[in-house]
Amino acid sequence: MRVRARLSTATAGLAAALAMVTSLSGCMTVHGETAVVPAASEEEAQSALDRYIETSNEAMGGLDPELNDTVETGPLGAIRHAQLAAQRSVTPGGPEAFTPLELSDPQFHIPQQAGWPKFFVADVQPSQTPDNRWLLVFMRNSIDEEWNVSYLSVLPPEGGPELAEDEDGYLDDLPVVDPADQGPDDPGSGLVMEPGALGTSFVDYLQGGEAPFAGGPYTSDELAKREEANSNPAFVTEYQDQAAESEEYAPVAMRTADGGALMMFTSLHHEKQTMAEGETPVVDPLVAALMQGEAERAITLEWVAMHSAVIPEVDGGQIELIHRTRGVIGATGE
């Protein structure tokens, strides 16, 4: 279901919270494990967004990674936790200037789902990037959990793909299933690649494999940057790429109006730079704040990357990665 609403005032936010409590005492609490029900009510989605904005601003302004963990999870939470922890170490007094996050004109895309986890999507207009809208994926693993944001995708200025609705007017989400777990009678998604195979196919592509990915900044350009990095005689860089398989980084996929799909998924990366004899790695202060050991000859960076990909129908073209956010979550010096 797509719902358009303006951000509530404090009074309206309280009313939304009360509406949420009412909804939680109803059928979703009893039947959410097996019955196909809306993942959230409209009021609950608005309340979750209000809570996210308020707490995120407090955490960002105070450089408080633990507080931020209460509203962000998954790849976004991992990236932001490391970012805030590093910034707090470098500037313990807090940022000199902080501009609060403002999100307006929310449009909610709510699927009907059985079991857990459940998610919904908020399409919002951020004040920070007025030419781009954001998609926020809110997720939770049980009725007792708060809604936390796991993915954030910045849409291009021309807009993102139009999301499809089911016959009841709700977001048409897609299961992300490992192809090895699909039975012989499973009809599949009808896409050029099954969503459950995308994460592994992407890291295989980065390691030199073949896959139907369109050229762009996160595919062909990324490979070119890696090749260029190893043309410098002062150092050699080794890359290790891994598909994220833990529940912490659960991907989400949803149908688009043209029959394709929009998918958000996570990949994990290690990047080791070893210097030539007599050279010493140059370490960014924010990376140094996360580092174990001393970078005398080499440094290994641990990255988390969250991606948004548009998957076309079979014979519909190549998979396009439309956005990526990545961040260093750890480092080791040698």
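Good morning. I shall begin with Arg140, which is found in strand S6, residues 134-140. Please bear in mind throughout that this is a predicted model. Is Arg140 buried or exposed? Its relative accessibility is 2%, so Arg140 counts as buried, the cut-off for that class being under 20%. A polar atom of the Arg140 side chain lies 3.1 Å from the backbone oxygen of Glu145.

Two involve Arg133, a residue in the loop between strand S5, residues 118-126, and S6. One partner of Arg133 is Asp105, with the closest N and O atoms 3.1 Å apart. Asp105 belongs to strand S3, residues 103-109, and this pair links distant parts of the chain, 28 residues apart. Asp105 has a relative accessible area of 11% and is therefore buried. Arg133, at 18% relative accessibility, counts as buried too.

Arg133 also meets the side chain of Asp123 in a salt bridge, at 2.5 Å from N to O. Because Asp123 lies in strand S5 and Arg133 in the loop between S5 and S6, this pair ties together parts that are 10 residues apart in sequence. Asp123 is buried as well, since its relative accessibility is 11%.

Arg226 is buried, with a relative accessible area of 11%, and Glu222 is buried at 8%. Which residues make up the network of salt bridges that includes this pair? They are Glu222, Arg226, Asp241 and Arg324.

Finally, I would draw your attention to two helices, H3, residues 42-62, and H5, residues 74-90. Their axes come within 11 Å and cross at roughly 30°. Angles under 35 degrees count as roughly parallel, and H3 and H5 are therefore roughly parallel to each other. Which residues make the contact? From H3 they are Tyr52, Ala59 and Met60, and from H5 they are Leu76, Arg80, Gln83 and Leu84. By class, this contact has five nonpolar residues, one polar and one charged.

Thank you for your attention.

How values were computed
Residues numbered from 1 in each chain as written. Predicted model: local features only at pLDDT ≥ 70, side-chain atom pairs only at ≥ 80, totals over all residues. Heavy atoms only, no water. Helix = DSSP H or I, 4+ residues; strand = E, 2+ residues; numbered from the N terminus. Buried < 20%, exposed > 50% of the residue type's maximum accessible area, 1.4 Å probe, protein only. Polar contact = N/O pair within 3.5 Å; in protein donor to acceptor, adjacent residues only side chain to side chain. Axes fitted to C-alpha atoms, helices over the stretch in contact; angles between N-to-C directions. Parallel < 35°, antiparallel > 145°, perpendicular 65-115°, else oblique. Contact = heavy atoms within 4.5 Å. Nonpolar A, V, L, I, M, F, W, Y, C, P; charged D, E, K, R; others polar. Salt bridge = Lys/Arg side-chain N within 4 Å of Asp/Glu carboxyl O.
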